[in-house]
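User: I'm new to reading protein models, and I'd like to understand how the labels are decided. Could you take me through some of them?

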Amino acid sequence: MQIIADVGGIPGKDCRGFCKYCYFRKVKEQDPLGCKQCTPGRVGCENCTTGVREVKNEFIHPFMVVGSVQNSLMMGEIKDKNLKVNISGGGDVSCYPHLMEVASALNQFNLPMHLGYTSGKGIEEIKMAENLISLGVDEVTFTAFSTNQKIREEWTGDKTKGESLKALKLFCENIEVHAASVIVPGVNDGEELFETCSTLEDWGAKAFILMRFANFRNQGLILGNEPILEEVNPHSLEEFEELVRRINREFNFRVTGTPLCDPENDTPFAISKEKNSKYLDILTDVTSEATILTSSIAAPFIDKIIKRIEADDLVNVVSVDQDIGCLITQKDLEDIDLNDLKDTVLIPGRAFVHDKMAQEILSRDGVDRIVTRGPDKLTVDGEMSGTLSNEDVLKKELIAFEDLLEAINFFGVRKK
């Protein structure tokens, strides 16, 4: 279990400049997206305006950061023996000007610390990494992109003249490192990727997360920021999954990918696999009709599960042209063929669309449909699955799917 020590920070501003591939590059001011946190009568709230764009979360005063952790410890009565403090933020945590001060203050709680996503662009001297380790940082998630300094300088804007890579090596040799790379075709894939993996393996990295570069709206660029890079076509899902599996076969650290896949835990949707089908027997029987509206990646997996529990005569699965369910927006709903929908429709819990607008859009053919939200997550992504056991993954998925089926039975049209 982790307590978050949020240091704040704005992408592009508090990370010494955007990486070329950064999701937040080119983000435009737009009308609110809408989400489940909006009030019933108004489209727009902090979450789906400034929150999703991360444009107002300035670096936080160290006193407030440490105080928040202290309050969590005092009020939460947390007794987890594996408790850890995760120092993270919206910018690059290594660029937080009070990082050493916060780490020193948190060290008094005698809890190990995890340094959240950093590209190391704020580590100008390796001594900083040494000091962080001495203060109790025992885990780092480090966006490497490449272990070739020239590539890092060009694509991440790393101006540390190699000190950040020296720090990464030191971290790998002394503490647990989860390295990560956004994979840009023709830049850090192919031989460059294998060189990076070989170097990380030699240094002692414990895990490596591959992230497919997104360049188009249906890959998640919903903030008016497509394309990030002109004339770059990201790997197809099939190409990317095979790349993840190949890296997993050839290197001796934990490998996961996002949005696909975890070769060890069988995520996403481990319960859709034949070998795990026996666990589906514990799920609630479906007694009502409904449509599950979901992403293009999730749809085939969910459809397979629905068929395995023999509920496909009552429930159908419809996908939108959006890879990630929680990034489904009003536009995606507008493109749906309403003839495919039953009288009750469940959308992803975190979809960026106002509840009232979703109901209106999906009822514009004159059918007054019930539109409600399913669970926030039905599976785990590569950023989380690498820290979970097979049993943990199955448990999380079964609980989430049970919630989904119960929602179908409650809101759906009861079969006569």
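Analyst: Happy to! Helices α7 and α8 cross in a right-handed way. Keep in mind that this is a predicted model. Helix α7 covers residues 190–203 and helix α8 residues 237–250; they pack at an angle of about 35°, with their axes 11 Å apart.

User: How do you know that α7 and α8 meet, and which residues do so?

Analyst: Contact means heavy atoms within 4.5 Å. On the α7 side L193, F194 and C197 take part, and they meet L243, R246, I247 and E250 of α8. Sorted by class, this contact has 5 nonpolar, no polar and 2 charged residues.

User: Why is α4 called roughly parallel to α6?

Analyst: The axes of α4 (residues 126–134) and α6 (residues 163–174) come within 8 Å and cross at roughly 30°. Angles under 35 degrees count as roughly parallel, so α4 is roughly parallel to α6. The crossing of this pair, α4 and α6, is right-handed.

User: What makes up the contact of α4 with α6?

Analyst: From α4 come I126, A129, E130, L132 and I133, which meet E163, K166, A167, L170, F171 and N174 in α6. The residues of this contact divide into 7 nonpolar, 1 polar and 3 charged.

User: Let's turn to single residues. Why is S119 called buried?

Analyst: S119 has 7% relative accessibility. Buried means under 20%, so S119 counts as buried. You can find S119 in the loop between β3 (113–118) and α4. Leaving aside residues up to four places away in sequence, S119 touches D92, F142, T143, R152 and S164.

User: What makes the pairing of S119 and D92 a polar contact?

Analyst: The side chains of S119 and D92 make a polar contact at 2.6 Å. The cut-off for such a pair of N or O atoms is 3.5 Å, and one atom must be able to donate a hydrogen and the other to accept it.

User: Is T379 buried or exposed, and how do you know?

Analyst: T379 has 17% relative accessibility. Again, buried means under 20%, so T379 counts as buried. T379 sits in the loop between β11 (370–373) and α12 (382–385).

User: What does the side chain of T379 reach?

Analyst: The side chain of T379 reaches the backbone nitrogen of F269 at 2.9 Å. Beyond residues up to four places away in sequence, T379 touches T267, P268, F269 and E397.

User: Why is E54 called partly exposed, while E231 is called exposed?

Analyst: Exposed means over 50% relative accessible area, buried under 20%, and partly exposed in between. E54 has 29%, so E54 is partly exposed. E231 has 82%, so E231 is exposed.

User: What can you say about phi in E54 and E231?

Analyst: Most residues other than glycine have a negative phi. Phi of E54 is near 50°, a positive value. For E231, phi is near 60°, also positive. E54 is placed in the loop between α1 (47–53) and α2 (62–76), and E231 in the loop between β6 and α8.

User: Which peptide bonds are cis here?

Analyst: Most peptide bonds are trans. Cis ones include the bond from E226 to P227, with omega near -15°, and the bond joining L260 and C261, with omega about -5°. P227 is in the loop between β6 (207–212) and α8, whereas C261 lies in the loop between β7 (254–258) and β8 (288–294).

Definitions and conventions
Residues are numbered from 1 along each chain as its sequence is written. This is a predicted model: local features need pLDDT of at least 70, side-chain atom pairs count only at pLDDT 80 or more; totals for chains, interfaces and linings use all residues. Side-chain values use heavy atoms; hydrogens and water are left out. Helices (H or I, at least four residues) and strands (E, at least two) are DSSP runs, numbered from the N terminus. Buried means under 20% relative accessible area, exposed over 50%, partly exposed in between (1.4 Å probe, protein chains only). Axes are lines fitted to C-alpha atoms, for helices over the stretch in contact, and angles run from 0 to 180 degrees between N-to-C directions. Angles under 35 degrees count as roughly parallel, over 145 as roughly antiparallel, 65 to 115 as roughly perpendicular and the rest as oblique. A crossing is left-handed if the near helix is turned anticlockwise from the far one by less than a right angle, and right-handed if clockwise. Ala, Val, Leu, Ile, Met, Phe, Trp, Tyr, Cys and Pro count as nonpolar, Asp, Glu, Lys and Arg as charged, and the others, Gly among them, as polar.
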